[in-house]
Amino acid sequence: MAYKDLREFIAALEQRGLLKRIQTEVDPYLEITEITDRVSKQEGRRNVALLFEHVKGSKMPVLMNAFGSYERMSLALGVEKLDDIGDEIRELLRIPKVSLAHKLDALTLVPLMKKAINFPKYVKNAPCQEVVETENPNLDEIPILTCWPQDGGPFVTLPLVFTKNPKTGKRNVGMYRLQKYDSRTTGMHWHIHKNGADNFRDTKAMGGDRIEAAVAIGTDPVLTYAATAPLPRDIDEMVFAGFLRHKSVEMVKCKTVDLEVPATAEIVLEGYVLTDEMRREGPFGDHTGYYSLADDYPVFHITAITHRKDPIYAATVVGKPPMEDCYLAKATERIFLPLMQEMLPEIVDINMPLEGVFHDCVVVSIKKTYPMQARKVMHALWGMGQMMNVKMIIVVDAHVNVQDMKEVWWRVFNNIDAKQDLEIVEGPLDVLDHSSPMAKWGAKLGIDATKTWPEEGHTREWPDEITMREDIKKTVDAKWKELGLDV
């Protein structure tokens, strides 16, 4: 199903017992983070979304941890399980006599699917503009969180940042944190590898002194996810969101900038970023579990704030996993697996463990049919978009369950020869990686934990794995209840 807005998603969470309303007054300075962090680390039904209804210093309630489980992430995307979206994409990719380039393009341009691609619809009146503040827009009215003790200040942590490329006019939507400097300015933390930074650099290269930007906060959950998805530069995130939700995204023109934003957003910040202005931003307690260091970033100047009459401020907190961002990234893993398999057909499954924060470790199982195929897969993945930042790739055989890290580590510990099966290369690393002596690049490790073939230099006999006969398994299955061993 497609939610018309964040409020409908909140109602769905509450109906299923997946949301807790907090009546006690809480402080946006550190306190909301500590509460949310404790809840996000709990198991099962105790890990719920949180709606803080009385926030110190603000009239706005704060929504936290809305995506923080597999169940809530699936609910957010309107599916029973995350793999359902991947299965839908597989159906698209099965269309005969269409090149891969056209198949990928179909996600935004060609209505080849049974359901036509849902392009955005543009409206003149929108809930996100029920209240318009252009004379004196004031960030102080928003309960922006200071998440961790060493943070450089309060940060907007769940923003959808809209910009356009000055060459093509194409829209980009990314999620880039905003450090609040004062009531009218924030940092604009777009990493060097991100499409928003591309638009900024292109504007500067063309002699422009500023790039317009708009920030939507508190959107339909599919839109929030789409802003995090690692789409190619010219794929419109709002069209991708329309594909995911099976319904067009309603957009409205901003009041002071030439951009469109989701019509049902709770809050919208409008403004511009000067191309020749930088300011110190950070530190920030990041999703690696460490603070990302302070650095110079562009500055976002706010020209207007529009919002609904009684807006809900949607935020998130990142830190030591597992936290809410892990499940957003897990959705990406399952949704984009079919596209990886289209380009690398030997891939069976892929797992980006929560503890690896999605750019430190990837586990992939393959159908191995020729020598050194694991090495080929490693290098192909490192050459694939944002996968270039992955610091460790582990390759295992097709029958290995990559979702079970106990099994994966058993394979790694038993199967590798340290001299033959480790591949060390140099290349780009995530901006947040602090372990490399050089910023933004360093060494990466590939681990070939597949069975080593004689053609790969292993001339000794490789032993069989210990397994029980199937007939004995079935006999014991039939007796299991009688044995009384389920406790």
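Which residues are buried in helix α4 (residues 83-93)?

**View 1. Buried residues of helix α4.** Ile 85, Gly 86, Glu 88, Ile 89, Leu 92 and Leu 93 are buried in α4. They sit on the same side of α4, because their arc around the axis is only 155°. The arc is that of the directions from the helix axis to the C-beta atoms. Buried means under 20% relative accessible area, exposed over 50%, partly exposed in between (1.4 Å probe, protein chains only). Helices (H or I, at least four residues) and strands (E, at least two) are DSSP runs, numbered from the N terminus.

This is a predicted model: local features need pLDDT of at least 70, side-chain atom pairs count only at pLDDT 80 or more, and totals for chains, interfaces and linings use all residues. Residues are numbered from 1 along each chain as its sequence is written, and side-chain values use heavy atoms, without hydrogens and water.

**View 2. Surroundings of Gln 341.** Gln 341 belongs to helix α9 (residues 324-343). Its relative accessibility is 17%, so Gln 341 counts as buried. A polar atom of its side chain lies 3.1 Å from the backbone oxygen of Val 348. Leaving out residues up to four places away in sequence, Gln 341 touches Arg 90, Ile 347 and Val 348 (contact: heavy atoms within 4.5 Å).

**View 3. Two cis peptide bonds.** The Gly 282 to Pro 283 bond is cis, with omega near 0°. Pro 283 lies in the loop between β14 (267-281) and β15 (284-285). The Pro 321 to Pro 322 bond is cis too, with omega near 5°. Pro 322 lies in the loop between β18 (313-314) and α9.

Conventions. A polar contact is a pair of N or O atoms within 3.5 Å; within protein, one must be able to donate a hydrogen and the other to accept it, and residues adjacent in sequence count only if both atoms are side-chain atoms.
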